[in-house]
Amino acid sequence: MGKLFGTSGVRGVVNLDLKPELALDLGLALATYLKNTGLVVLGKDPRTSSDMLESCLDSGLLSGGCDVRSLGAAPTPAVSFATRTLGARSGVMITASHNPPEYNGIKFFSSDGMAFTPEQEQEIERLYFAGKLKPVAWDKIGKVEEVNMLPDYIDKIASSVSLSRGFKVVVDCANGAGALATPLILRSLGCKVITLNSQLDGFFPSRALEPAPENLRELGRVVRSLGADLGLAHDGDADRIAAVDERGRAVGWDRLLALAGAHAVERVKGKVVTTVDASIVVEERVAAAGGSVVRTRVGDVAVAQAVKANRAVFGGEPSGAWIYPEIHLCPDGPLAGVRIIELMDEAAKPLSKLADEVPEYPIARVKVRCPDAKKAATMKKVAALARKAFGDIEQMLTVDGVRLALSDGSWILVRPSGTEPYIRITAEAKAVARVNALVKTAKKLVGG
Ligand code: MG
């Protein structure tokens, strides 16, 4: 059977991979999946192609008998929130997240606000490829109604936290959908907010959309020159967060994740979910706060599923996609930003100090060429020979590639790339020599 969905919905270059007719069919496929009835919430990021795809999705959903509640431009977590709050059967977000402006994407959500699981996506693909799309008769066609759910979403996030003082925050929304929420949430909490790149613009003229350290230099400069307490940044649809401290330095994602995981556990004792590629500082900080860590596959859907299954108090990836299940099971950038300020407030320390208290260990990321056809056999060999090659293994995880936790606290991850002809090797240890030795052994095992 063919595939439409990748790791985060259907995504591609607009009018080449992602054509209007596909959006139309996906709308009708979703309506067919929902048994041709019920409400679907629809939101979009400000890309130049979002209106075009929205029209097609609307037509598909209406022709399949569903009613649409149209949110207009909104962050992805607001679409998840509205889906649950309005009692909709499903939600749809039109976004390509951090991809360049020529891309767009379509992501589905369940009635509980969680992104579709791979099984649900396969069901949509099955309907699509089998030509089982089912329109309804003229008198069952659905209607579109516009509804503004942003004030409710903003209230929900703002009321989940109280701060003892107003912080001075620079917010860089990359001309994306976060501009509709984060500055307003922070202002309602008494913060002084200076916005950067916060006018919606589908050409994304300000910076690359991934809030990675190399894209946050301007934010760092503004934070420093204005004497702000911190800077916050989102990707295009604001399901991710990044932060710079008061000195203008981007805080490493692993450090930020360790701080957030420990903070969540301090509030409510429990489990924290993270992915196989996150640093061991997450375990260290969470354990010190009295919690434990569950490792799962890479990808926000895998994290959301694991948070639900383990009844965890927090889930996060080292890409800044964080889930706070007391609000919902969708990574939420505005909420994550508010929680960062809350933890600074509770600790009564500047962000630079909090970040520096989290160690940063040597970490190596290398890739070894491996054709797609040989990946499965290579990974089987790695799993079979790992114990002998590395010795002293405390835990071997095979949820996503092979991850070995070694008794000296170091770890190694051997994982096939989903999109390129490589096997990726990641190793972290407290000494550089140890990291290099681990990589050398793994390379030999992979055959690179
Ligand atoms: Mg995103």
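# Chat over a predicted model

Guide: Tyr361 is buried, with a relative accessible area of 17%. Keep in mind that this is a predicted model.

Visitor: Where is Tyr361 placed?

Guide: Tyr361 sits in the loop between α12 (351-356) and β15 (363-369).

Visitor: And why does Tyr361 count as buried?

Guide: Because its relative accessible area is 17%, and buried means under 20%.

Visitor: Which residues does Tyr361 touch?

Guide: Leaving out residues up to four places away in sequence, Tyr361 touches Ile280, Val281, Glu284, Glu428, Ala429 and Lys430. With Glu284 there is also a polar contact, side chain to side chain, at 2.8 Å.

Visitor: How many Å separate the C-alpha atoms of Tyr361 and Gly43?

Guide: 40 Å. Along the chain, Tyr361 and Gly43 are 318 residues apart.

Visitor: OK, Glu342 then. Where is it found, and is it buried or exposed?

Guide: Glu342 is in helix α11 (residues 333-347). Glu342 is buried, at a relative accessible area of 7%.

Visitor: What does Glu342 touch?

Guide: Val161, Leu163, His263 and Arg267, not counting residues up to four places away in sequence.

Visitor: Switching to the metal. What coordinates the magnesium ion?

Guide: Ser97 through OG, and Asp235, Asp237 and Asp239 through OD. The distances run from 2.0 to 2.2 Å. Along the chain, the donors follow the spacing S-x137-D-x1-D-x1-D.

Visitor: Which loops hold Ser97 and Asp237?

Guide: Ser97 is in the loop between β4 (90-94) and β5 (103-110). Asp237 is in the loop between β9 (230-233) and β10 (242-244). The pair links distant parts of the chain, 140 residues apart.

Visitor: Are Ser97 and Asp237 buried or exposed?

Guide: Both Ser97 and Asp237 are buried.

Visitor: Zoom out. What domains does the assignment give?

Guide: Domain 1 covers 10-148, domain 2 covers 152-356 and domain 3 covers 363-446. The centres of domain 1 and domain 3, taken over C-alpha atoms, are separated by 38 Å.

Visitor: Now Lys375. Where is it found?

Guide: In helix α13 (residues 372-390). Lys375 is buried, with a relative accessible area of 9%.

Visitor: What lies 2.7 Å from a polar atom of the Lys375 side chain?

Guide: The backbone oxygen of Ser417.

Visitor: And what else is Lys375 in contact with?

Guide: Setting aside neighbours within four places in sequence, the contacts of Lys375 are Cys370, Pro416, Ser417, Glu420, Pro421 and Tyr422.

Visitor: What about Thr419, buried or exposed?

Guide: Thr419 is exposed, at a relative accessible area of 74%. Thr419 lies in the loop between β18 (411-416) and β19 (422-428). The C-alpha atoms of Thr419 and Gly6 are separated by 9.6 Å, although these residues are 413 apart along the chain.

Visitor: Pockets next. How much space lies in the second largest pocket?

Guide: About 210 Å³. The lining has 17 residues, and Ile280, Glu283, Gln395, Arg403 and Ala405 lie nearest the centre. The elements giving two or more residues to that lining are α9 (281-288), β12 (292-296), β16 (393-397) and β17 (402-406).

Visitor: How many cavities of 30 Å³ or more are counted?

Guide: The count comes to 1. About 30 Å³ of space lies in the largest cavity.

Visitor: Which residues line the largest cavity?

Guide: Leu71, Ala74, Ala78, Asn148, Met149, Leu150 and Tyr153.

Visitor: Last topic, backbone angles. What is phi of Asn197?

Guide: Near 55°, which is a positive value in a residue other than glycine. Asn197 is in the loop between β8 (192-196) and α7 (217-226). Asn197 counts as buried, at 15% relative accessibility.

Visitor: And phi of Arg311?

Guide: Near 50°, also positive in a residue other than glycine. Arg311 is in the loop between α10 (300-310) and β13 (314-316).

Visitor: Why does Arg311 count as exposed?

Guide: Because Arg311 has a relative accessible area of 76%, and exposed means over 50%.

Note on methods
Residues are numbered from 1 along each chain as its sequence is written. This is a predicted model: local features need pLDDT of at least 70, side-chain atom pairs count only at pLDDT 80 or more; totals for chains, interfaces and linings use all residues. Side-chain values use heavy atoms; hydrogens and water are left out. Domain bounds come from an automatic or database domain assignment. Donors are N, O and S atoms within 2.8 Å of the metal (3.2 Å for Na, K and Ca); water is not among the atoms, so sites may look incomplete. Helices (H or I, at least four residues) and strands (E, at least two) are DSSP runs, numbered from the N terminus. Buried means under 20% relative accessible area, exposed over 50%, partly exposed in between (1.4 Å probe, protein chains only). A polar contact is a pair of N or O atoms within 3.5 Å; within protein, one must be able to donate a hydrogen and the other to accept it, and residues adjacent in sequence count only if both atoms are side-chain atoms. Contact means heavy atoms within 4.5 Å. On a 1 Å grid over the protein atoms alone, a cavity is a set of points where a 1.4 Å probe fits but cannot get out, and a pocket is an open set with protein on both sides within 12 Å along at least five of seven lines; lining residues have an atom within 4 Å of a point. Grid points are joined across faces, edges and corners, and a volume is the space filled by probe spheres set on the points.
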